[in-house]
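Here are some friendly notes to read alongside the model. Take them one at a time, and keep the view open as you go.

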Amino acid sequence: LQKQDVCGNLTLQHHMLEPVQRIPRYELLLKDYLKKLPEESPDRKDAEKSLELISTAANHSNAAIRKMEKMHKLLEVYERLGGEEDIVNPANELIKEGHIQKLSAKNGTAQDRYLFLFNSMVLYCVPKLRLIGQKFSVREKMDIAGLQVQEIAKQNVAHTFSITGKKRSLELQARTEEEKREWIQVIQATIEKHKQNSETFRAFNSSFSQEDEHLPDSSVMSTGGVDWMPGADGAFGGSDSCRKSSKSKRDKEKQACKSCSESFNSITKRRHHCKQCGAVICAKCSEFKPLADNSRQNRVCKDCFLQLPVSPCSPGVEGVGEQKKRLAAEKQSILAAENSLFSSYLQFLEKGKTWYRMWVTIPKTEPLVLYLQGSSQDGRSPRPIPLPGYEVSLPGSGEKFEVKHVFKLYQSQQTLYFSAEDEELQMKWMEVLTKAAKGEIEDTAEG
């Protein structure tokens, strides 16, 4: 590309800058235009609206550029640390770095060290001798959570302060009093901000887990006749020991699933609690089982699911496989012809050129949903298609098919093709689907 004359001898990187630079150019152009535009001009309102929109785009672009600059800084630090520390993460932010003196606890001598302060941790490093570029090896990694920083006074040693973590305490010396105050202030500010973010995250995360927390411990442990609940020591004991064990584990904050050790987040990896042992687990590592005489399906970890016997208060409890089979059977009965507003076999095509024979039905219980079930009955759940928003028509002039009596069901992002056995069935399906998509299914039901 760069060798073409139309590129004007510019590199690919120069051309990639053009879309970004065009946005602030539009912003400047509109600002100059508005300065010269009379107040009574009919174009005034549209021009101001345009400036508002392009300014929003410019702010978004600048924010993206700042985010990339932060990532570049992290990459540079990653290289200087020899690629040993996993710090290149969008959540990480480099706050401050610089040389510092470490005071020896044995003889009080000063040793040259280097600090990297991030929003979530402090890396205490030892400089390495290199001909090209200075490198560092990490001697200690200290989490911001639980970190403390304070000024200390030592005889014959000026500009000293200490940082204390969960595992280690360091006595450090800055070159000047101003540099010492700056380190203390920026570390303290980072600690405070981390506390605020953690409290906000916990409050936000608890709102997602509220449905799993709404049952009090007594609802699970209240049945005095149930003596098979595991106690705090893992043995089968009474309800009091169960309540204490479950409560203590629920109160303990954990950041990763007990079974798979994957970290939680509030969107794709939500936190749940085992209603039996109180362990913090993810959805993948949990099963459902009725506990005690509670008919509600409670989430338990897979260990408890395998170990717990069936409660005598709940005879005939189904296993997970039986539950799935029963639900599938119930769905099949709902989709049967006698329980449908309209149903038949149709040829189905979504992508490619292969047509599949499907059982297509609109159940009476869900008159606005079309279900597709493979004729092979391979155990898969029927595919639901909510009909509101779809339109029905015959294929366009450019759509050619080998099969006959084709009609399509389509919306902005999806097109489904069906082929009926004859023209009468084709017209009937088109009529039913058109009414169902408009919510006019009552007339069809009566017919």
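**Notes on the predicted model**

1. Let us begin with helix H1, where Glu27, Leu30 and Leu34 are buried (buried means under 20% relative accessible area, exposed over 50%, partly exposed in between, with a 1.4 Å probe and protein chains only). Helices (H or I, at least four residues) and strands (E, at least two) are DSSP runs, numbered from the N terminus. The cover over the buried residues of H1 includes helix H2 (44–80), where touching or contact means heavy atoms within 4.5 Å.

2. A word on where the values come from. This is a predicted model, in which local features need pLDDT of at least 70 and side-chain atom pairs count only at pLDDT 80 or more, while totals for chains, interfaces and linings use all residues. Residues are numbered from 1 along each chain as its sequence is written, and side-chain values use heavy atoms, with hydrogens and water left out.

3. How far apart are the end C-alpha atoms of H1? They are 37 Å apart, which agrees with the 36 Å that the 25 residues of H1 (residues 12–36) should span at 1.5 Å a residue; the expected span is 1.5 Å times one less than the number of residues. Look also at proline 19, where H1 bends by about 35° (the angle between axes fitted to the seven residues ending there and the seven starting there).

4. Next, go to strand S6 (residues 160–164), which holds serine 162. Serine 162 is buried, its relative accessible area being 5%. Leaving aside residues up to four places away in sequence, serine 162 touches Gln148, Val149, Gln150, Ile152, Leu170 and Glu171.

5. Threonine 160 also lies in strand S6. Is threonine 160 buried or exposed? Threonine 160 is buried, with a relative accessible area of 1%. Its contacts beyond four places in sequence include Leu103, Leu172 and Lys180. The side chain of threonine 160 also reaches the backbone oxygen of isoleucine 152 at 2.9 Å. Glutamine 150 is ten residues from threonine 160 along the chain, and their C-alpha atoms are separated by 9.2 Å.

6. Now find strand S13 (residues 356–363). Six of its eight residues are buried, so S13 is largely enclosed by the rest of the structure. Strands of a sheet pair through backbone hydrogen bonds, either parallel or antiparallel. Here, two strands pair if DSSP finds at least two bridges between them. S13 runs antiparallel to strand S12 (residues 340–349), with eight bridges joining them, and phenylalanine 342 stands opposite isoleucine 362 in S13. Six residues lie between the strands in this hairpin, where glycine 352 takes a positive phi near 80°.

7. S13 also pairs with strand S14 (residues 369–374), in the antiparallel sense and over four bridges. In S14, tyrosine 371 is the bridge partner of threonine 361, and glycine 374 is that of methionine 358. Five residues make the hairpin link from S13 to S14.

8. Finally, step back to see the sheet. In which order do the seven strands of the open sheet come? The order is S15-S14-S13-S12-S18-S17-S16, with antiparallel pairing. Strands S15 (383–386) and S16 (391–393) are the edges, each pairing on one side only. From one strand to the next, the twist averages 35° (axes are lines fitted to C-alpha atoms, for helices over the stretch in contact, and angles run from 0 to 180 degrees between N-to-C directions). Helix H9 (residues 423–437) packs on the sheet, and its direction makes about 115° with that of S12.

Notes. Polar contact = N/O pair within 3.5 Å; in protein donor to acceptor, adjacent residues only side chain to side chain.
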